Amino acid sequence: MATMTFSIDAGEIRGQFPFFQPHPEMRSVIYLDNAATTQKPYAVIEAVSNFWAYHNANVHRGGHGAGAKASELYEAARERVAKFLNAREPAEIVFTRGTTEAINLVASSWGEAFIQPGDEIIVTEMEHHANLLPWMRLAEKKNAKLVVWRITEDGRLNLDDLRTLLTERTRLVAVAHISNVLGTINPVAEICRLAHAAGALCLVDAAQSVAHMPVDVQAIDCDFLMFSGHKAYGPTGIGALYAKRALLETMPPYQMGGGMVQTVSWERVVLAPPPAKFEAGTPPIGEAIGLHAALDFIDSIGRDAIEAYEHELTQYALERLQEVPGLRLYGPVPDRAGIFAFTLEDIHPHDIATVLDTRDIAIRSGLHCAHPLGERLGGSTARASLAVYNDTAHIDALIEGLHQVRKVFGYAG
Ligand code: PMP
């Protein structure tokens, strides 16, 4: 095997995470379930805790200094997200609970207003339920048609297939940037270009990409893009929706309540401009501030550096996984992200995860909230997924663990 020279010192990065430090009551874990959620650096935990401890107040309301400070921190987080995604302005960023809520917001607001009977929405066969069920429900409600863009045998999307699916009735193409099962990195800029050429909008679910590679909404030219803080080293309960300003202007509110109106009388409601129009009620303030710190953490390493490092680590993992007899890996090779769904002999994926857990290796098993894709793949899979704090030793431990799983279930050698 070729020796690898890594640009990133994962050990040094783990030093920035309490989860990876020795703890008297906790066993040390090799954490390979990053597609589900990532661990949190001290910087994020401290940012959240400092806010609750010293700056807590509601935003955009109080006529006092603490409220002004909280508002300033919250809006600084929005600016940070805008810069992180290269949005044109912070007003294009709406804070949500996460990717799921952001997609539901688009389906409820834009979908309710603009989808007509007979319209078509294209989703891919590899979508997470978050980017599938809101569109299924919308299509049902509106008598619109959900069109499925099937994957190829090796787990990719073929752009020629999209060309044949796009019609003058297509209103939206909704696609994951990176599949949470197959690790496929989809050519989203090209997909958006084709969607636009057909007169449709393009939505990119970036839940699995933002922490692992540069994501530039202007370069992709997507109309909507969303991600979750917790998969990007940030807190749960916070995520962001990017949408082009012109779209946000035309979209009706998603929820009604405090903070999203300019004036209200019995006769007339004047809505606030975006993004406030879409943020009814007290938002997740501390979580947004934690997200700000998480994005600073990512950029302190550099997204180009993270992408290059995780790519090298992925190539190492692909090579080593081949050594395990009876292991079947799903998704494209070698060009893919560090998400590895696999089966091993006819051992149930839950059993694989359970045996690995006894060796303190954390992976996930099941259908990964993508049941239609699971059906196509033939059922459940085990899934290991990488983050910037993982290294080759973790992959070595996984491989050794998988040999052990085989032994436990009576497979030779
Ligand atoms: N899309 C993809 C591709 C995902 O991997 C996930 C999380 N597994 C989601 C959407 C949903 O994210 P959340 O649960 O944070 O809303």
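Mentor: Before we start, one definition: domain bounds here come from an automatic or database domain assignment. Keep in mind that this is a predicted model.

Trainee: Into which domains is the chain divided?
Mentor: Look at the numbering of the two parts. One part has two segments, 10-37 and 302-408, and is called domain 1. The other part, 46-299, is domain 2.

Trainee: How many residues of domain 2 are in contact with domain 1?
Mentor: Contact here asks for heavy atoms within 4.5 Å. On the side of domain 1, 35 residues pass. On the side of domain 2, the number is 35.

Trainee: Which residues in domain 1 lose the most area to domain 2?
Mentor: Start with the total. The two domains bury about 2800 Å² between them, with 54% of it on carbon and sulfur atoms. Three residues together make up 26% of what the side of domain 1 buries. They are Arg303, Leu373 and Arg376.

Trainee: Which residue meets Arg376 in a salt bridge?
Mentor: The rule finds three salt bridges across the interface of domain 1 and domain 2. For a salt bridge, the nitrogen must lie within 4 Å of a carboxyl oxygen. Arg376 has such a pair at 3.3 Å, N to O. The partner is Glu153.

Trainee: How many residue pairs are in polar contact across the interface of domain 1 and domain 2?
Mentor: A polar contact needs N or O atoms within 3.5 Å. Across this interface, the number of residue pairs found is 19.

Trainee: On the side of domain 1 that touches domain 2, how many residues are nonpolar?
Mentor: Sort that side by class. Seven residues are polar and eight are charged. The nonpolar residues number 20.

Trainee: A polar side-chain atom of which residue lies 2.6 Å from an oxygen atom of the ligand?
Mentor: The residues around the ligand include His128, Ser228 and His230. His128 lies 3.2 Å from a nitrogen atom of the ligand. An N or O atom in the side chain of His230 is 2.7 Å from a ligand oxygen. The 2.6 Å distance belongs to Ser228.

Trainee: Why are Glu72 and Lys69 separated by about one helical turn?
Mentor: Their side chains meet in a salt bridge at 3.7 Å, N to O. Both sit in helix α3, residues 65-85. The separation is about one turn because of their spacing in that helix: three residues apart.

Trainee: Where is Pro334 placed?
Mentor: The peptide bond from Val333 to Pro334 is cis, with omega near 0 degrees. Most peptide bonds are trans. As for its place, Pro334 is in the loop between β11 (327-329) and β12.

Trainee: In which loop is Pro275 found?
Mentor: The bond from Pro274 to Pro275 is cis too, with omega near 5 degrees. Pro275 belongs to the loop between β10 (269-271) and α10 (285-301).

Trainee: Which residue has a positive phi although it is not a glycine?
Mentor: Most residues other than glycine have a negative phi. Search the loop between α8 (217-220) and β7 (224-228). There, with a phi of about 60 degrees, is Asp221.

Conventions
Residues are numbered from 1 along each chain as its sequence is written. This is a predicted model: local features need pLDDT of at least 70, side-chain atom pairs count only at pLDDT 80 or more; totals for chains, interfaces and linings use all residues. Side-chain values use heavy atoms; hydrogens and water are left out. Buried area is the accessible area (1.4 Å probe) that two parts lose on being put together, summed over both. A polar contact is a pair of N or O atoms within 3.5 Å; within protein, one must be able to donate a hydrogen and the other to accept it, and residues adjacent in sequence count only if both atoms are side-chain atoms. Ala, Val, Leu, Ile, Met, Phe, Trp, Tyr, Cys and Pro count as nonpolar, Asp, Glu, Lys and Arg as charged, and the others, Gly among them, as polar. A residue is near a molecule or strand if one of its heavy atoms lies within 4 Å of it. Helices (H or I, at least four residues) and strands (E, at least two) are DSSP runs, numbered from the N terminus.
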